[in-house]
Amino acid sequence: MTIRSGLITLLLLSALLPTVRANVSATADSVYFHIQLDTLGILRTGQEVKLTYALVNSQFDSVAAPEFDSSIEVLRGPEPHKSSSYAIINGVESKTNETGFYYFVRFRESGEFQLPPASVKVGNQTYTTPECCVTVHPPEADLSKLQCHLRVAQLKKDFVKYCATLTCNARPDQNPPLLTINGETVRPTSNSYSGSDGKEEYVYKYYFSSNGYNVACKELTFGGIPYSVEPRVSKIDNNVFNLIVFGVVCALFELIWWLAYRYRYREEKDAALADFVLKRKTLPLIIDWAYTHYGASHMLMLVSVISLSVMGIMFYTNGQFVSAFLWLAIAFMLLAYVLYRSQRRKLNFSSIPTTLDKQSIYDKIYNLSVTYDWDVDHYGEDCIVAHTNPALWHLTWGEQIFIVFDQGQVWVNSVNDLNKRTSICSFGHNKRNIRRIRKALTQGAAIRD
């Protein structure tokens, strides 16, 4: 019984001792003192970096501060440091608290450097930072390759109104680079770094709200060489400016369009229909008819001009060039031109040879008008003009029919009614009207088909 009790005790101890040892080790290792250096991207000489000495999961009673040699220039500090983090990993909660202090430093030389250690005392326990070495590269300030841009974008449906973004392909000396917004110095709200194929990109974002803005970089240098970035100033900071610009742009566009029509149709608007058709083989247009016939191209060009004006407003006010508006404007221009050419061809007349005299032609057209409910607007010695009366369920506003007399033939055309609304498609009605006239004048067959 004594031996059995002893074995049971040994088994229990062998099972519990590893657990107790692990817990003690975890508790001991959860408190430590370490160095954090802001090494976003490549660390170079002359760059301002943040050097933090942080004690994890404890509070220190006294500090033995680090001693910096001549290779490291202390710009600011020490300043108190305090942070906390919380995470759940595989269902296990983890919370970390840090206290300590930080400096803003700058390396005067390039090479390998060991950061100066520091120590803190927690009760009877002393914690010292481990050895930490960093590589500092020489300054790189090739201004011919350096690119740094400042942009300001107006945000929609957000708690702040604007976001200023500073983007550089090299890290500025300042940490972080500061902006002056309406005379006030502002630190970045967030920053990011990306690097691939030897190309680097540093992005700093500054969120703010104001009525108008004047944003500029403050003391921006690379390798100690000052770099100038064009400031961004809002010209007018409200939607009234956009409305004014759109109104002016639309008014100018309509004025130019009207002047172009007035010049283009200065001869056609007063020309006799029959004489013009016999000479040009196309339908003469007055300005009102031109607006109706080319209405679709007109609207597409207006949308294209508005897209260009939006792009111009964004570039003028925020310095943003949005290429999507440019491509949209080009696409609408091309579509407007295609529709213009299509509508232009619809004005051309086609010839119908006939041996009928004018009275017989009048009779044929009259019979067609009675059969298909056409209204004849003009019976003349040189031409006939009529228009259709479509039912409410038809897909068009109606058509106009023109017949011009010539020796041994007539010239015929049917177009969408120019006295009504714009329509780019007749759904076959115009061809059907011409086909009925051709059949009536050439075959003498029954009118209805």
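Is C168 buried or exposed? In this predicted model, C168 has a relative accessibility of 1% and therefore counts as buried, the cut-off being under 20%. The residue takes part in a disulfide with C148, with an S to S distance of 1.9 Å. A disulfide is a covalent bond between the sulfur atoms of two cysteines. The two partners belong to distant parts of the chain, 20 residues apart: C148 lies in strand β10 (residues 148–154) and C168 in strand β11 (residues 162–168). C148 is likewise buried, at 7% relative accessibility. A search of the whole structure returns one disulfide. C217, by contrast, is in no disulfide; the nearest cysteine sulfur belongs to C148 and is 6.1 Å away. A further cysteine, C425, counts as partly exposed at 34% relative accessibility.

The description now turns to the strands. Four of them form an open sheet in the order β1-β2-β5-β4, and their pairing is antiparallel. The antiparallel pairing of β1 with β2 (residues 48–56) extends over six bridges, and I35 stands opposite Y53 in β2. In a regular strand the side chains alternate between the two faces of the sheet.

A hairpin is formed by β7 and β8, with two residues between them, and G123 in the turn has a positive phi of about 65°. Its strands, β7 (residues 119–122) and β8 (residues 125–128), pair in the antiparallel sense over four bridges. Y127 in β8 is the bridge partner of V120.

Charged side chains supply another set of contacts, with a count of six salt bridges. One of these joins R106 to E73, the closest N and O atoms being 3.4 Å apart. This pair also links distant parts of the chain, since R106 lies in strand β5 (residues 92–107) and E73 in strand β4, 33 residues apart. R106 is partly exposed at 26% relative accessibility, as is E73 at 25%.

A salt bridge also connects K358 and E381, at 3.7 Å from N to O. K358 belongs to helix α7 (residues 358–372) and E381 to the loop between β21 (374–379) and β22 (383–388), so the contact ties together parts 23 residues apart in sequence. Here K358 is partly exposed at 35%, whereas E381 is exposed at 58%. K269 and D270 form a salt bridge at 3.1 Å, N to O; K269 is partly exposed at 35%, and D270 is exposed at 59%.

Conventions. Residues are numbered from 1 along each chain as its sequence is written. This is a predicted model: local features need pLDDT of at least 70, side-chain atom pairs count only at pLDDT 80 or more; totals for chains, interfaces and linings use all residues. Side-chain values use heavy atoms; hydrogens and water are left out. Two strands pair if DSSP finds at least two bridges between them. A disulfide is a pair of cysteine sulfur atoms within 2.5 Å. Buried means under 20% relative accessible area, exposed over 50%, partly exposed in between (1.4 Å probe, protein chains only). A salt bridge is a side-chain nitrogen of Lys or Arg within 4 Å of a carboxyl oxygen of Asp or Glu.
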